[in-house]
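Here is a friendly walk through one protein model. Please have a look at the sequence and the structure before reading on.

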Amino acid sequence: MANEENKTAPGNRPVGPQLKQAREAKGLSVAEVADAQHLRPAIIQAIENGKYELIDTELFLKGYIRAYARQVGLDGNALIADLNHELEPRRQEQAQAKAANPLVDIERRRRKKRRVAKAALWLFALAVLGLLVFSFIYNPSQLASLTGAGALTGDSAEAVALESDSNDAVSSTANGLTTQSEQDNLLPNETSDGDLSASPTNEEGALEPLTATGTGSFSDGAVSSLAQAAANSAVISDNDRSTTDTEQALQVADNRGRLEIEFIDDCWIQVRDANGRSLASGLKRQSDRIDLRAESDIRLVIGAANAIGVMRFEGAPVDLGSKGVVGNRAEFVLALNE
């Protein structure tokens, strides 16, 4: 009859004694329950003794109780209802103390001002970044260098054309002298039109090999064109390198303060910033993920280090083995890179 009354009237019995009684009925020790939950034995004892203030947050406490109830065969929802009834006086006392404290309102206004200042700073940084990207993309000198590799434009093309015309004129004058002297030796039906001169006959009547009337070498204009194209190619290479550096800088800025965690088993975790503000907390299940950003250093409390599959901070993997894991529990700080 007593058990039926407890099931129908939540809040009549403290949660700790219920869990302790169920544990002893199954013949489990505190250490065995703690090992199964990846917790310290002191946390299990604090729950059974009703010393809830030793637990970091109420969210963590509820997660511990649900897992404990599942292990000893109790109804987790019923125990949480009992816990809420048990914690209600404590919540009211905390609310009254907070409302009576004038520093709370002052601190709230300070936090609001800090949030506004951070938002303004981010907007200013984005505006500066957008201005730099705009000036880089629409810089006329860079556009000219990009088009210079494919074709010559403006004064450079005109100068090359003038040099080519001058060299062609000199070449035509020199070739004219030799062509005039060879007109008598041309075969019948042969003309001197085109780039190749007509084949003259030798003294025995045999045909001489065809010879070109050109200069036979590159003109100064052609050499200048090749040099200009090579210079423009070097400018394009420098621009590509600067573009790559800018993309890398943007990637570093995008990963600043970013924390990524992937879980492979149940794990209690708490993530806070340098001001003590909670960024993420609670019981995480297998395949759950955390992806958040912080404006300051990050403090982590991990209840089960072996439940972390992947952890990256600012794009780099985090080695939990170097963070002082004790009893499968880790507590450490991740500092922002300057």
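The notes below cover confidence, a sheet and a helix pair.

This is a predicted model, in which local features need pLDDT of at least 70 and side-chain atom pairs count only at pLDDT 80 or more, while totals for chains, interfaces and linings use all residues. Residues are numbered from 1 along each chain as its sequence is written, and side-chain values use heavy atoms, leaving out hydrogens and water.

Let's start with pLDDT, the predictor's confidence in each residue, from 0 to 100. Its mean over the protein is 74, with 61% of the residues at 70 or more. Two stretches are listed here, with contact meaning heavy atoms within 4.5 Å.

| Stretch | pLDDT | Contacts |
|---|---|---|
| residues 1–11 | below 50 | seven, beyond near neighbours in sequence |
| residues 149–154 | under 50 | seven, beyond four places in sequence |

Next comes the sheet. Helices (H or I, at least four residues) and strands (E, at least two) are DSSP runs, numbered from the N terminus, and two strands pair if DSSP finds at least two bridges between them. Four strands form an open sheet in the order β4-β1-β6-β7, with antiparallel pairing. At its edges are β4 (289–293) and β7 (316–317), each pairing on one side only. Strand β1 (residues 258–263) runs antiparallel to β4 and is joined to it by five bridges. E260 sits opposite D291 in β4.

Finally, the helices. The axes (lines fitted to C-alpha atoms over the stretch in contact) of α3 (residues 30–37) and α4 (residues 41–48) lie 8 Å apart. Their packing angle is about 115 degrees (angles run from 0 to 180 degrees between N-to-C directions), so α3 is roughly perpendicular to α4 (65 to 115 degrees). The contact involves V30, V33 and A34 of α3, together with P41, I44, Q45 and E48 of α4.

Definitions and conventions
Parallel < 35°, antiparallel > 145°, perpendicular 65-115°, else oblique.
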